Amino acid sequence: LDLPMALFLLILTLSLFVTPSLYDGLIKYTVFVLGAVLFYLVSQFLRRYTYKIIISNLIISSGVIVSLFGFGKLVHGASASSPAIMDGFFPNNSLFAAYIAVSFSFLFSRILFENKPANYAVKLPALLILIAAVAAADSKSGMLSLLFCAASISAYYRFTREKVKDTPRREFFKKYFFLSVIFLILILSFTPASQSGKKVLSVQSDTFLMNRLDIYKASLKMASDKPITGHGIASYGSVFPSYNFPVEGTGRYRMNTRFAHNDILQAAAETGFPGLAVLLFFIFRLFRNFPRPGGERKSWSASAGAYFALGGLLVHSFFYFTFHLPGILFTAAVLAAMITEEKSAIKTIPRHALFFTKIYYFPALIVSFILFSSLIRPGLGSYFFNGYKDTGKTSLLESAIKTEPLNPRFYFEKGRLFFDNRLYSRAASEFETAVSLDRLNYIYTLNAARAYACLLYTSPSPRDRTRSRMPS
C-alpha cells in the first residue's frame, strides 16, 4: 500500500494550493496524514498476532460498552420526554451504527472461526446487543453495513470451514447459527420490527433521501467541471451552493451540505479524477489482501474481522460521510494495518541495541510529533475564542488569532467587533483577510462589501472614498 498511499497524500498536498478554504483544508490534510502515520506505526510495531488479538478485543469491548451507553441514553431520553437518539458518544446515529458494525464483524468472526466454544454465554449476548444497537440506531446505511458484514463473513466461513476443523456437531451448530443471524438482521432491516427497518420501509417518503440524488448529481457536475485538480481538499461545503438544487436566486444558499454523503464522489469533486483513480487503486490494493485461512484461530478471526469490517465501512461510505469522522478513519487505518502483509517490515531490535539506532523509526516519530503538536493548536484556539465569546475580552480574541493565524472565523469576528464600533476601515481589512482564507464564503464577502459601503458613505476623505472600492 506504500505506492497508492504516497500518491494519494501527494494529490492531497497539491490540492491545498487550489482549495478555497485553506484552514479547513489543512485540518483535513492533517487528519489524513495522521491516519497514514498510524497505519505505518501499527503495521510496523504491532505485527505480531498477539497485538491483533488485543486490538480486536478492544474493538469488541468498546462496541458493547458504547451500545449499552446508547441504550441508556435512549431510555433516559424517552423517560424525560426529550428526543431519544441512539448515538452513543458519536456525532450522530449513522456514524454510531458504522462503528458498531465493526465490533460486530470482529465478534461474529471470532464465534465462527475459533474451534473452542469458550465463553459462548458471554459472546452470544454481546453479539445480540450489537445487533440490537444498530437496529435501534435508525440508520439505513448502518443496517446495510451490518448485513454486509454478516453475509460476507458467513460466506467466507462456508468456503473455509474445513480449515477450522470443527467437530460435526459444532459445524452443524455454526451453520444454523450464522443463518439465524442473517435471518434476524434481514427481519430487522426490512420490517417494522426496528427503528432502522421502519426507516428503510419509509424510504420513498424520505424527502432528504430523495435530495441525496440531487447531491450526487451535483457532485458529479463538480468533478466534471474541474476534472484534473478538483475544487480542493475540504472545499465541498464552499463550492456546493453553486451546484445545488435547481433554486434560482439567493435562496439556494440556504440549502447547503458539507458532504456528498458518498466519500467516493466527494473525493472526485475535491481532488479530481486523478485523485479518484488513486483512491480506487488504493482500495483495490487494500482488499487484495484477502485473509488467509488456517493458522492460529484467534489471529485468523481477527484478520477476517478486520477485513470484512473494512468492507462494511466502505459500504457505509457509499451513503454517508463515514471516513470524514477522524475516529472512524483512524480505526480504518488500524484495520488496514491488521490485514496488510508488509514485505519490508522492520525487524525486532535486539536488547543490546539502542531503540533509536534504526533510522527507519525517525520519520514516523518526527511526523507524529509534528502532527500531534498541530492538533493541539485548534483546541487551544477554540479555547481562547470561546473565552472571548463568554467574556468579551479582546485579548483572548488576539490570542486565538496568534494561535491559529489561518482560521478565517477569528478575523471575521474581529471585523464584526470593529464594524459594531463604526471602525469601518479596520473592519473591512479584517473581512478581507477572512475572505482571502475562505474565498467562497459568501457571509465573509457580504460583510466586507457592507463595510466598504459604510466606509464610502461615512468617510469625508476622498482618499478613503477611493480605498473603499472593493478590490477586484
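Student: What is the handedness of the crossing of H12 and H13?

Tutor: A crossing is left-handed if the near helix is turned anticlockwise from the far one by less than a right angle, and right-handed if clockwise. The crossing of H12 and H13 is left-handed. Helices (H or I, at least four residues) and strands (E, at least two) are DSSP runs, numbered from the N terminus. This is a predicted model, in which local features need pLDDT of at least 70 and side-chain atom pairs count only at pLDDT 80 or more, while totals for chains, interfaces and linings use all residues. Residues are numbered from 1 along each chain as its sequence is written, and side-chain values use heavy atoms, with hydrogens and water left out.

Student: At what angle do H12 and H13 pack, and how far apart are their axes?

Tutor: Two packed helices are described by the angle between their axes and the distance between the axes. Axes are lines fitted to C-alpha atoms, for helices over the stretch in contact, and angles run from 0 to 180 degrees between N-to-C directions. For H12 and H13 the angle is about 140 degrees and the axes are 9 Å apart. Angles under 35 degrees count as roughly parallel, over 145 as roughly antiparallel, 65 to 115 as roughly perpendicular and the rest as oblique. H12 and H13 are therefore oblique to each other.

Student: Which residues of H12 and H13 meet?

Tutor: Contact means heavy atoms within 4.5 Å. From H12 come Ala 302, Ser 303, Ala 306, Tyr 307, Ala 309, Leu 310 and Leu 313, and they meet Ile 328, Ala 332, Leu 335, Ala 336, Met 338 and Ile 339 of H13. By class, the residues of this contact are 12 nonpolar, one polar and no charged. Here Ala, Val, Leu, Ile, Met, Phe, Trp, Tyr, Cys and Pro count as nonpolar, Asp, Glu, Lys and Arg as charged, and the others, Gly among them, as polar.

Student: How do the axes of H4 and H13 cross?

Tutor: The axes of H4 (residues 93-113) and H13 (residues 326-339) come within 11 Å and cross at roughly 20 degrees. The two helices are therefore roughly parallel to each other, and their crossing is left-handed. In H4, Leu 95, Ala 98, Tyr 99, Val 102 and Phe 106 meet Ile 328, Thr 331, Leu 335 and Met 338 in H13. That contact has eight nonpolar residues, one polar and no charged.

Student: What lines the largest cavity?

Tutor: Its lining has 30 residues, with Phe 32, Leu 279, Phe 282, Phe 323 and Leu 329 nearest the centre. H11 gives the most, 11 residues. The lining divides into 22 nonpolar, five polar and three charged residues.

Student: How much space lies in the largest pocket?

Tutor: The largest pocket holds about 1,000 Å³. Its lining has 41 residues, and Ser 21, Tyr 23, Asp 24, Ala 234 and Arg 258 are the closest to its centre. H2 gives the most to this lining, with six residues.

Terms used: 1 Å grid on protein atoms, 1.4 Å probe; cavity = no way out; pocket = protein on both sides within 12 Å on 5 of 7 lines; lining within 4 Å. Points joined across faces, edges and corners; volume = space filled by probe spheres on them.
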